[in-house]
Amino acid sequence: MGAAPLRMGRLVRADVRFHRGGFVGVAVAIFVATMLVTGLGVLVESGIRGGLAPERYTQVDVVVGASQQAESTAPAEPAPGVPDGVPVPPSGDLPISLTERAVLPDGAADAVAAVPGVASVVADVTVPLVDAAGLVVEAHPWSATALSAVALRDGRAPEAEDEVVMVAGPGVEVGVTVFLAHGGERAEYRVVGVLAETDAATRAQHVYLSDDRIADLDPHGGAAQVLGVLVAEGAAPDEVAEAIRAAVRGLSAQTGAGRGDIEFLDSGAARMTLIAIGSAFVGTCILVALFIVAGTLSLSVQARRRDFALLRAVGASPRQVHSLIAREVLSVAGVAAVLGILPGYLLSTALQTAFVQGGVIPGDFALAISPIPAAGALLLVLGSAWGAAAIAARRPARLDPVEALRESATGARSIGLPRIIVGIVLAAAGVSLSTVPLVARGEYARGAAAGAAMVLIIALAVLGPWLVGLVMRLLGAMLRRTTAAGFLAAENSIANSRRMASAILPLALGIGLGLVQVGAPAIVAAEAAAQAEAGVTADLRVSAQAGISTGALGVVSEVPGVTQVNPVTVSMAALDYRDLDGSPMIGEHTLQGIAPDAVSDTLDLRVQSGGLEALDGEHAVAVSTDMVQTLGVDLGDTVKGRFGDGTPLEAVVVATYERGLGFGDLTMEADAVRLHTTDALTDFALVAVADVAASDVRASLESAGLLVQGVGGQKAAGADAQSQQGWVNLVALIVILGYIAIAVINTLVMATAERSRELALLQLIGSSRRQVRAMMRTEAVLIAVIAAVFGVAVAIPPLMGMSIGVSGSPIPALPLGMSGIIIGSMSVLALLALWVATITTMRVRPIDEIGSRQ
């Protein structure tokens, strides 16, 4: 009579019912992973479909502006064997969001007006002014009121150059005089009209001048920056927008809520940021989740090794064991994943709040909520759970029945030689990647260091049980000579190195990942600050709210005692380059404009080759030594890309300099950069003065309404972007460490619960409860210490390599406080979790615990 087939559904239900503790641990890990991936998925979707609602452009159907994205224009290199002339797909790199207002092509307004379905076109220009209180207000031509729901309450429209219309407010009435400054030059205006107040919240205060006055103030002569379109009766706005995009290349035409994307420059940047953060963060979370779920599931499988041994002994095939474990995991993971979806949407709002506080995205950026992130999270997390189940099932499925029964009683043997070899190879690869910054600079070097950390973490996961066993054998000789608790802890740790490794590895993962996350940005920021401090040789830094005009710069240069004035404008450029494999890429880089004839007493970029005096116009550029390697250029070569306003950039390299972190990767002549910014104003001026006239110069400049500071503590170019990136890293670190903390608690509780019979037996043969608790405390200390050592060991090579490559020092500029918090919190977590788990496990009387299990 043949054996009846195994009924998997019944076995799955029985296993889940009788091993609730282990499956609860798996469920918790899946629940948190789903919550994280769902929340991050919402951020990615919001980068695609979210945005800012229009504020002023509410009375027009379509808003038209130049495209605010730059994509790589470099042709991809054809694959070997592809004939010439065959189209090559463009780069898959994400486009760069332009930080300056892109320029509308000549004749855009006429071309848009000629599109069928367009009834009228209204042009808008924005010019920044500063009121008497030092607040920035936005000035527009009176004709642009047709774009907004504004109405005159009193007075009339502005006509003369000194007339203004303002929104009603305290002290605002027809006939009063107000002072508004443009680029540090103050002018007097008479209020001739007052607009009715609106209940809607606005980002900035708006004033309206005559069209001629706006043309005088605007560096582009009042040329339209944005076009508002009223469609003809019966025409569909979406169809008209599509027709506009087809009629004029390079235009962005938006309707509905998308109109805010053109009104606000930071909307596009926020979109790209959310997509980049969410995509990168999801990958890290999936990797961490795979480690944690695999470790948790491994513990669960170890706790049931006798069950699997009996199944193999009664005829279960390896395929059936694989199927059983997979079904168990997916049945539990499916429920946990569904329960994690709603908290994931709540997490997305928490992440949004955190990013708003860090200035990463604007506060009024709306998230897009749909079922898509939940569906994606279910696929990713359940796929990871299935992969973890396959990994965990390998050992119990491949053992022969006799070996399985033996191992169920004596425990698993150490990991095999092939796994040790793989781990050593990965560790060697991680160390080798850590040395890349020694021979390369720029983005490649920083990317290699980050990759080294992940490779070393994977190597640690592969070698973990073997390393723990090796360390415990070294420490065991000392522990055996201390106390009875030390002797027991040493013997248990050596005999069950796999179980101990499952508790150590999540902690080491958190510590290593945390140190790299906070250390890498800190190394770059410290060197950037040092370069900015050392490179400024001027005496004063002069600025004005919203920027300095050329007229105000002339006033500065004419002050007695001023010997040199260097106007500095900071913008960005999107440059084309090729990746290591030849793929076309595009990268965003800080671009600064300076006066090359005014650097001798104001600025020291530490030029390595060429000379800054050759900077002349838009077709000459100096690049940092970091960019020399990234872009693959040298003196005399040409760099191509786009300025911050989208205008094509093509310039010859005339100099290279070392202090790129402090002053940006690219440097050009001041006017060449300034004219490609939204407002065409200089950010600040570095001023050198005669020693005897320093105080008099400061007083004269302050009396002219300018802001004067010493040059100490000069911020590095791009410091704000680095600060935002640091905030993103901190938020990511908090979320990931929170997940790891839950996993650590989960793992330690499961591992301790598995030892309930062992702890009971120790008490029955004569050990006191105090001795057993002392043994567990010793093990907890061992776990915390070994995890800290492993975590620091994983982080040291990439951080040292990055530090040498960035600053030349082998000692990384780590934030000691944050590093101590990461190591200390993970260690304390291990101690507390194991203490609570031990107390809970030992509540049952030893005789009852022994009698409750086979």
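The structure is a predicted model, in which local features need pLDDT of at least 70 and side-chain atom pairs count only at pLDDT 80 or more, while totals for chains, interfaces and linings use all residues. Residues are numbered from 1 along each chain as its sequence is written, and side-chain values use heavy atoms, with hydrogens and water left out.

A search of the whole structure finds one aromatic pair (ring centres within 6.5 Å). The ring centres of W142 and Y208 are 6.0 Å apart and the planes stand at 85°, so the pair is edge-to-face (planes over 60 degrees apart). W142 lies in the loop between strand 6 (136–141) and strand 7 (152–155), whereas Y208 belongs to strand 11 (residues 205–209); the pair therefore ties together parts 66 residues apart in sequence. Strands are DSSP runs of E with at least two residues, and helices are runs of H or I with at least four.

Helix 24 (residues 756–764) packs against helix 25 (residues 769–807) at an angle of about 140°, with the axes, lines fitted to C-alpha atoms over the stretch in contact, 9 Å apart. In this contact (heavy atoms within 4.5 Å), L759, L762 and Q763 of helix 24 meet R769, V772, M775 and M776 of helix 25.

Helix 25 also contains A784. A784 is buried, its relative accessible area being 8%. Leaving aside residues up to four places away in sequence, A784 touches S827 and A830. The C-alpha atoms of A784 and I823, 39 residues apart along the chain, are separated by 9.2 Å.

Key. Axes fitted to C-alpha atoms, helices over the stretch in contact; angles between N-to-C directions. Phe/Tyr/Trp six-rings, centres within 6.5 Å; stacked < 30°, edge-to-face > 60°. Buried < 20%, exposed > 50% of the residue type's maximum accessible area, 1.4 Å probe, protein only.
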